[in-house]
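The sequence and structure are shown first.

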Amino acid sequence: MKFKAFLTDNGISLLEKRFLPALDKMGRVCHLYFTRDHTIFLHNLLNADGIQSIAQFRKEALFDDYRISSQNDDRIAFTIDLSLLQRAIRSSVSIYAEMGSGDAVGNAPNRLQIKLVKKLPANSNQPLPFLTFESKGYKSAVIQDVPISKPLSRADVLELQSALDMAQDLPRTLVQVPDLNQLQNYVDRMKHVGDLLNVSISKYGDLHVQISTTLITLGAEFRKLLVLGEQVEAPAEDQDQDLSAQSRVQRAVQRGDAQTVQVSMKHFAKSLQCHLAKPDCAFYGIAQEGSCLTVIFQFFIPGSRQNDKSISLHCRLPVLDPGTS
C-alpha cells in the first residue's frame with residue numbers, strides 16, 4: 001500500500017483556507033479516501049448519526065505527481081483528525097514560505113510532499129501509520145507527521161465505496177439559494193427558538209423554513225428560485241398576496257408539488273458552515289420518500305459562471321420526521 005503526491009499551490013490554498021475549516025465544523029474526525037482519480041473527505045457515511053458530508057476533488061485540483069497503489073483496486077481509506085491535518089498544512093505552508101521558492105541560480109524549488117508512511121513512535125514497539133508532510137528545499141527538509149487510523153480493510157473500503165455511491169443520488173427537485181448569507185442570518189435568529197426545523201421545497205421554486213413552539217412560530221420563505229429537475233408552474237390562485245406562506249406550502253403538498261421534512265436545527269445550522277469553503281451558490285432538495293434533506297454546494301471556475309467539475313461538496317441531513325410528500 002503506497003501513496004505519494006505533491007500538493008500544488010492551488011491545492012494548498014483550497015485545503016488550508018477553505019475546505020478544511022468548513023469540514024472541521026462538520027466533525028473533528030472523518031474518513032480520508034484516496035482513489036486513482038479522486039481525494040474524498042467523508043463524514044458519517046458508515047453510520048446514521050449526524051450530518052453526512054462529502055467533499056470530493058479530482059486529483060489535479062490538489063496534487064501533482066500523484067501516485068497510489070494498493071491491493072484494494074488502488075483505493076486507500078483511513079480516519080484522520082482534521083484539526084491535526086489543518087495544523088500540519090498550515091505549519092508546512094509557513095515553513096514552505098520561509099524557505100522561499102528556489103533561487104536565482106536554478107536551485108530546485110520547494111515542494112510540499114504528502115505520503116503515507118509507517119513509523120515507530122517513541123516508547124512503542126509497534127510501528128504506526130502516519131500521513132507525512134515534507135517541505136523540501138534545496139538545502140533542507142522539514143517533516144511533519146499526522147497520526148491516522150489503520151487503513152481500512154478491503155471489506156471496509158467496499159462498504160465505504162457503496163455508501164458513497166448511495167449518497168450520490170440526487171433529489172428529483174433542487175432549488176437554488178444564491179445568497180447563503182441571507183439564509184444564514186435567518187437561521188441565526190431562528191436557532192434560539194427551538195431544536196426542530198420544518199423545511200419545505202416545491203416544484204415551483206419555493207423554499208420555506210419554519211420553526212414552531214407552543215408560544216411562537218417563526219419562518220422564512222424564498223420564492224421563485226431557480227429549479228433543477230422536476231418543476232411545474234405555480235397555480236394562479238397561489239399568487240394571491242393575502243395567502244400565507246404556510247397555506248401555500250400546505251396546498252402544494254396536497255397537490256403533490258412539494259415535500260416537507262423535519263430536521264435538527266443544529267444539523268441545518270452546521271451545514272451552513274460550509275460557506276467557509278466559499279461556494280458560489282447552494283441547491284436544496286428532499287430525497288425520494290423524504291429520506292433526507294440534501295444540500296449541494298456549487299463552485300464556479302474562477303472568473304466565470306461555469307461549474308468547476310473538479311470540486312464537489314454536498315451534505316445530507318437526516319430527517320427526524322418521515323415528512324409529507
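The points below describe the cavities and then the aromatic pairs of this predicted model. A search of the whole structure finds 2 cavities of 30 Å³ or more and 10 aromatic pairs.

**Largest cavity**
- The largest cavity holds about 110 Å³ of space.
- Its lining consists of 15 residues, and Ser202, Asp206, Arg248, Val249 and Ala252 lie nearest the centre.
- Strand 11 (196–202), strand 12 (207–212) and helix 6 (245–255) each give two or more residues to this lining.
- By class, the lining of the largest cavity has 7 nonpolar, 3 polar and 5 charged residues.

**Second largest cavity**
- The second largest cavity holds about 70 Å³ of space.
- It is lined by 13 residues, with Leu15, Leu32, Phe41, Phe63 and Ile114 nearest its centre.
- At least two lining residues come from each of strand 2 (29–34), strand 3 (38–43), helix 3 (82–98) and strand 8 (128–136).
- This lining has 12 nonpolar residues, 1 polar residue and no charged residues.

**Aromatic pairs**
- Phe19 lies in helix 1 (residues 9–26) and Phe57 in strand 4 (residues 52–58), 38 residues apart.
- Phe19 is buried at 0% relative accessibility, and Phe57 is buried at 0%.
- Tyr186 and Phe222 also form an edge-to-face pair, at 5.7 Å centre to centre and 85 degrees between the planes.
- This pair links helix 5 (residues 180–190), which holds Tyr186, to strand 13 (residues 217–222), which holds Phe222, across 36 residues.
- Tyr186 is partly exposed at 28% relative accessible area, whereas Phe222 is buried at 9% relative accessibility.
- Phe3, Phe34, Phe63, Tyr66 and Phe78 are linked into a cluster by ring pairs.

Conventions
Residues numbered from 1 in each chain as written. Predicted model: local features only at pLDDT ≥ 70, side-chain atom pairs only at ≥ 80, totals over all residues. Heavy atoms only, no water. 1 Å grid on protein atoms, 1.4 Å probe; cavity = no way out; pocket = protein on both sides within 12 Å on 5 of 7 lines; lining within 4 Å. Points joined across faces, edges and corners; volume = space filled by probe spheres on them. Helix = DSSP H or I, 4+ residues; strand = E, 2+ residues; numbered from the N terminus. Nonpolar A, V, L, I, M, F, W, Y, C, P; charged D, E, K, R; others polar. Phe/Tyr/Trp six-rings, centres within 6.5 Å; stacked < 30°, edge-to-face > 60°. Buried < 20%, exposed > 50% of the residue type's maximum accessible area, 1.4 Å probe, protein only.
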